[in-house]
Amino acid sequence: MIADEVPRLIADGTLGKLVRWLRALGCDAVLHDGRADRFLLLRALREDRVVVTKSRTLAARPFRGRLIRIAAERWEEQLAETAGALGLRFDGSRVLGRCLECNEPLSEVEKNELEGRVPAHVFATQAAFRSCGRCGRIYWAGSHAERMLRVMGRRIPPRHP
């Protein structure tokens with residue numbers, strides 16, 4: 001995915017779909033529960049995160065950290081806008097490495113450990129699996145992952161060697 005460093009992000013509660021896509025891209029991205037207010041800004045400073053918000057009011061507040069105000073309404077444009085503001089680049093080898101639900105980095109898991117835990121067709125047709133150590137979700141490179149890679153490839157400039 002990324003420039004040199006994976007950015008740590010916190011988004012206001014209106015940007016849940018964007019947060020999932022940023023995680024898919026490889027970013028450490030959390031969604032702030034609650035209003036886009038001073039508590040979000042304080043959490044961002046405490047956790048050393050870049051704020052991503054749609055709120056004009058929040059963006060107008062004094063803030064010592066970095067804040068990106070998103071103007072786009074649709075998540076695909078929000079993804080492109082955020083990637084542009086952060087200088088993110090698409091690198092297929094780095095994407096889909098975080099849990100889309102809880103943001104934890106995924107770990108490789110041996111296929112034989114998953115028999116009976118994934119659908120039989122998936123077990124028979126997939127060779128590589130990753131899992132989340134926090135929530136236990138299991139991921140594989142199926143058609144959903146391929147679609148996500150295509151979307152990210154269209155919306156985010158490629159990484160140049």
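Which residues does glutamine 78 touch, not counting residues up to four places away in sequence? Glutamine 78 touches Leu15, Leu18, Lys54, Ile70, Ala72 and Glu73, where contact means heavy atoms within 4.5 Å. This is a predicted model, in which local features need pLDDT of at least 70 and side-chain atom pairs count only at pLDDT 80 or more, while totals for chains, interfaces and linings use all residues. Residues are numbered from 1 along each chain as its sequence is written, and side-chain values use heavy atoms, with hydrogens and water left out.

**Glutamine 78**

- Glutamine 78 lies in helix H4; helices (H or I, at least four residues) and strands (E, at least two) are DSSP runs, numbered from the N terminus.
- The residue is buried, with a relative accessible area of 6%, and the terms used here are buried for under 20% relative accessible area, exposed for over 50%, and partly exposed in between (1.4 Å probe, protein chains only).
- A polar atom of the glutamine 78 side chain lies 3.3 Å from the backbone oxygen of glutamate 73; a polar contact is a pair of N or O atoms within 3.5 Å, and within protein one must be able to donate a hydrogen and the other to accept it, while residues adjacent in sequence count only if both atoms are side-chain atoms.

**The largest nonpolar core**

- The largest nonpolar core has 35 residues, of which Leu9, Leu25, Leu79 and Met152 touch the most other members; such a core is a set of buried Ala, Val, Leu, Ile, Met, Phe, Trp, Tyr and Cys residues joined through side-chain atoms within 4.5 Å.
- Two or more residues of this core come from each of strand S1 (8–11), helix H1 (16–25), strand S3 (50–53), helix H4 (75–86) and helix H6 (143–155), and the largest share, six residues, comes from H1.
- Apart from its neighbours within four places in sequence, leucine 79 is in contact with Leu18, Trp21, Leu22, Leu25, Met152 and Ile156.

**Helix H1**

- H1 is mostly covered, since seven of its ten residues are buried, namely Leu18, Val19, Trp21, Leu22, Arg23, Ala24 and Leu25.
- These buried residues of H1 pack against S1, strand S2 (28–31), S3, H4 and H6.
- Glycine 26 follows H1 and has a positive phi, near 115°.

**The largest pocket**

- About 390 Å³ of space lies in the largest pocket, where grid points are joined across faces, edges and corners, and a volume is the space filled by probe spheres set on the points.
- On a 1 Å grid over the protein atoms alone, a pocket is an open set of points where a 1.4 Å probe fits, with protein on both sides within 12 Å along at least five of seven lines, and lining residues have an atom within 4 Å of a point.
- Of the 21 residues that line the largest pocket, the closest to its centre are Leu96, Tyr139, Trp140, Ala141 and Ala145.
- Strand S5 (106–109), strand S6 (129–132), strand S7 (138–140) and H6 each supply at least two residues of this lining, and H6 gives the most, with five residues.
- The lining divides into 13 nonpolar, four polar and four charged residues; Ala, Val, Leu, Ile, Met, Phe, Trp, Tyr, Cys and Pro count as nonpolar, Asp, Glu, Lys and Arg as charged, and the others, Gly among them, as polar.

**Tyrosine 139**

- Tyrosine 139, which has its place in strand S7, is 40 residues from cysteine 99 in sequence and 8.4 Å from it in space, C-alpha to C-alpha.
- The side chain of tyrosine 139 reaches the backbone nitrogen of leucine 100 at 3.1 Å.

**Arginine 98 and asparagine 103**

- Arginine 98 is placed in the loop between H4 and S5 and is buried, with a relative accessible area of 14%.
- The side chain of arginine 98 reaches the backbone oxygen of asparagine 103 at 2.8 Å, and a polar atom of that arginine side chain lies 3.5 Å from the backbone oxygen of cysteine 27.
- Asparagine 103 is also found in the loop between H4 and S5, where asparagine 103 is buried, with a relative accessible area of 6%.

**Positive phi values**

- Most residues other than glycine have a negative phi.
- Asparagine 103 has a positive phi, near 80°, although this residue is not a glycine.
- Aspartate 48, in the loop between helix H2 (38–47) and S3, has a positive phi of about 55° without being a glycine, and aspartate 48 is exposed, with a relative accessible area of 63%.
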